[in-house]
Amino acid sequence: MDVEVMKKSPSQSAIRLLVLVVFLGWIFIWIMAPTNTYKRKWMPRLQAKTHSIFGVQGAILLVYTSPILFIAVLGCIYLHIAEKENGFNMERCINYGNKHEVSIWKRAVLVRGPLGIVSGTEFAFLFMFIGLLVWSFSIYLHNDFAKITHKAAAERGVKVWEKKLDSAALRLGLVGNICLAFLFFPVARGSSVLPLLGLTSESCIKYHIWLGHVAMALFTTHGICFIVYWAVTDQLSKILEWKKNGISNVAGELALLAGLLMWITTIPRIRKKVFELFFYTHYLYILFIVFFIFHVGIYPACIMLPGFYLFLVDRYLRILQSRRQVCLVSARVLPCETVELNFYKSHGLTYNPTSIMFINIPSISKLQWHPFTITSNSNLEPKMLSVVIKGEGTWSQKLYQMLSTPSVIDHLNISVEGPYGPSSTNYLRYDTIVMVSGGSGITPFVSIIRELMYLSANFRYRTPKVILICAFKNSSYLSILDLILPNYGTPCDSSDMQLQVEAYITGKNEPKLDSQIHLKQIWFKPNAKDAPISAILGPNSWLWLCAIISSSFIVFLILIGMITSYYIFPIDHNSNKIFSYPLRSFLNMLAICVSIAMAASVAVLWNTKHNNEEAKQIQNMEGSSSSVSPELKSDRVDREMESLPHQSLVQATNVHYGVRPDLRRLLFEHKGSSVGVFVSGPKKMRQEVAAICSSDVAKNLHFESFSFNW
């Protein structure tokens, strides 16, 4: 049967239009910022109207911060409406006749190089962003150099080139601030801005990396130019200068030092070999931001505030969620040094395929958090949430050894953050889906296959044909294929959908396996302190996030207004003193933290009651003589007694030994008008698939990469 269209409601369309208008206005401000019109006409008028209430930062808060927070609030409302009207998978149901439309904007234009795999849309926005940086820097220099004459330089006791160097150094810092303004958007995992654009935080990490490299290059050049200028003008003593009123050089140097330490550890060779060093060093962002604000003062710092503000809201909510220990029900240990962890979850927690969750196990490391793909489906397994962990790094190896040892572990303390994932899926738009994976890269595809199983079995949707091409090092990795079938919940038959699995064992002289690989199952005893995994803000999380962002910013404005009117303004205007810049910056930072903590804490406490009611189910399990509830045991027994699903999976699987998949041939043999090609695995594999899909003869292949590498 054809799937009917799920169109956006008029309210959603209106919100998207309003968001577009506000965003374009915000970008227009960035374009005009370097011009004399902005500096001499627009900004003085705004400062005159807001200075007495909100201080020097009032105009910046109005022009730079308010539009983005307004967009974030609108995004929360949009996503809430989408969930309620169209279901959690907002674009799950699309018109079957329109699903052959070509996604040109996703087609890769760059495959190999320092930027990685870049689509046409990404390249266009990257080009426009670099254009904004070049425009800003050139206009700044043009206006500054017009004022630098031999006479003006002589009055300052410097040469013309020295004065121009001083000006260029200053403007490099201002242009770097543009990068800083965008830097934190990709790492705000729970923000509404990215889902509003159809993006996820893990897919935007590369944007964070790009922005970080450009920002640190500009800030480093900014610092070096000033040091050279001070050296040639005999002013090296300014290196130790921390002014009470003005730019604090020492604070800038400390911020640059923290940034350089972070930047050095992002070198791929260092990050991969000494990941812990990279991970811990990245916490220096706190010192970087604090000293950056002390360096420039609160007025320029408010330019980068909106992205950082949303990041702070998200970070505080993650801290509150991570304080609770979650209930680990069982674990499956695979012979390929891989484990599957099965958690109890609240019934109201839903998530989309390819979602991820961050996990912390204090017995291994109290500080380290690692992201893992969720393989379970919230529809097929309403009570359970599962993640798969491959024992590759030091942390995951310790977990595998802990669970695979003969000694019995009856309980494991675990904290989580998430889940985080796409706000919508559109797999039904394709005639065929080809999934290409390498090693543990198969895990995001497990969640997609389970979603299609659910749609095929329960709604009889015309699901696309699925071809899973997976490459493994040795035969033990074939045990991962057993994860395709749900471990809990209603048994689901893979024969209801067109599934074909092509497994390639690339290792030479690998023995052929004629029998099923048995997995080791471990059951854990429940603890009264454990709680089911649940959304930190409850089922209406987007509305609560909307309330947190708006109310916290209002509280912040009230606090700043009171501090400015009754404390700062009297000193600045009713005495011969000028209020201390560092103290002003500290009061603003304190007001931001207090307002966010107050609003977020109230929202979380309000939803805690609902979460605690579901947590009582876990506590009741403790009185049982067994280590897991009879209900969950029943689910597992039904799964084991149902032989048809496993037989269907075995029949759909072809194993090839001693060869690598010929990806070009395997992809080109699919002649449908719309073929989705999903790839997850090593970098070289993703690049090879992207190159094939971007060729002129692959018009029907629509590439999408799932990469969770930092």
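Does T354 count as buried or exposed, and at what relative accessibility? At 5% relative accessibility, T354 counts as buried, where buried means under 20% relative accessible area, exposed means over 50%, and partly exposed lies in between (1.4 Å probe, protein chains only). The structure is a predicted model, in which local features need pLDDT of at least 70 and side-chain atom pairs count only at pLDDT 80 or more, while totals for chains, interfaces and linings use all residues. Residues are numbered from 1 along each chain as its sequence is written, and side-chain values use heavy atoms, with hydrogens and water left out.

Most residues other than glycine have a negative phi, and most peptide bonds are trans. T354 has a positive phi of about 70 degrees although it is not a glycine, and T354 lies in the loop between strand 4 (338-344) and strand 5 (356-360). Helices (H or I, at least four residues) and strands (E, at least two) are DSSP runs, numbered from the N terminus. D234 also has a positive phi, near 55 degrees, and belongs to the loop between helix 8 (205-232) and helix 9 (249-265). With a relative accessible area of 73%, D234 is exposed. A cis peptide bond runs from G418 to P419, with omega near 5 degrees, and P419 has its place in strand 8 (residues 415-420).

Strand 14 comes next. Because 6 of the 6 residues of strand 14 (residues 675-680) are buried, this strand is largely enclosed by the rest of the structure. In a regular strand the side chains alternate between the two faces of the sheet. In strand 14, V675, V677 and V679 point one way, G676, F678 and S680 point the other way, and all are buried. Two strands pair if DSSP finds at least two bridges between them. Strand 14 pairs with strand 9 (residues 432-438) in the parallel sense over 6 bridges, and S437 stands opposite S680. Strand 14 also runs parallel to strand 15 (residues 701-705), to which 5 bridges join it, and here F678 stands opposite E704.

Charged side chains are the next topic. Side chains of opposite charge can pair when their charged atoms come close. The structure holds 11 salt bridges, a salt bridge being a side-chain nitrogen of Lys or Arg within 4 Å of a carboxyl oxygen of Asp or Glu. One of them joins D144 and R171, whose closest N and O atoms are 2.5 Å apart. D144 lies in helix 4 (residues 120-147) and R171 in helix 6 (residues 160-183), so this pair ties together parts that are 27 residues apart in sequence. Both D144 and R171 are buried. Within helix 6, K163 and D166 are 3 residues apart, which means a separation of about one helical turn; their side chains meet in a salt bridge at 3.5 Å, N to O. K163 and D166 are buried as well. A further salt bridge brings together D482 and R332 (3.3 Å, N to O). Since D482 lies in the loop between strand 10 (465-472) and strand 11 (499-505) and R332 in strand 3 (residues 328-334), the pair ties together parts that are 150 residues apart in sequence. Both D482 and R332 are buried.

A charge sits over a ring if NZ of Lys or CZ of Arg is within 6 Å of the ring centre and within 35 degrees of the ring normal. The charged end of K164 likewise sits over the ring of F145, 5.1 Å from its centre. Rings of Phe, Tyr and Trp (its six-membered ring) pair if their centres lie within 6.5 Å; planes under 30 degrees apart count as stacked, over 60 as edge-to-face and the rest as tilted. The count comes to 32 aromatic pairs. Among them, Y309 and F553 form an edge-to-face pair, 6.0 Å centre to centre with 90 degrees between the planes. Y309 lies in helix 14 (residues 305-322) and F553 in helix 17 (residues 541-573), so the pair ties together parts that are 244 residues apart in sequence. Both residues, Y309 and F553, are buried.
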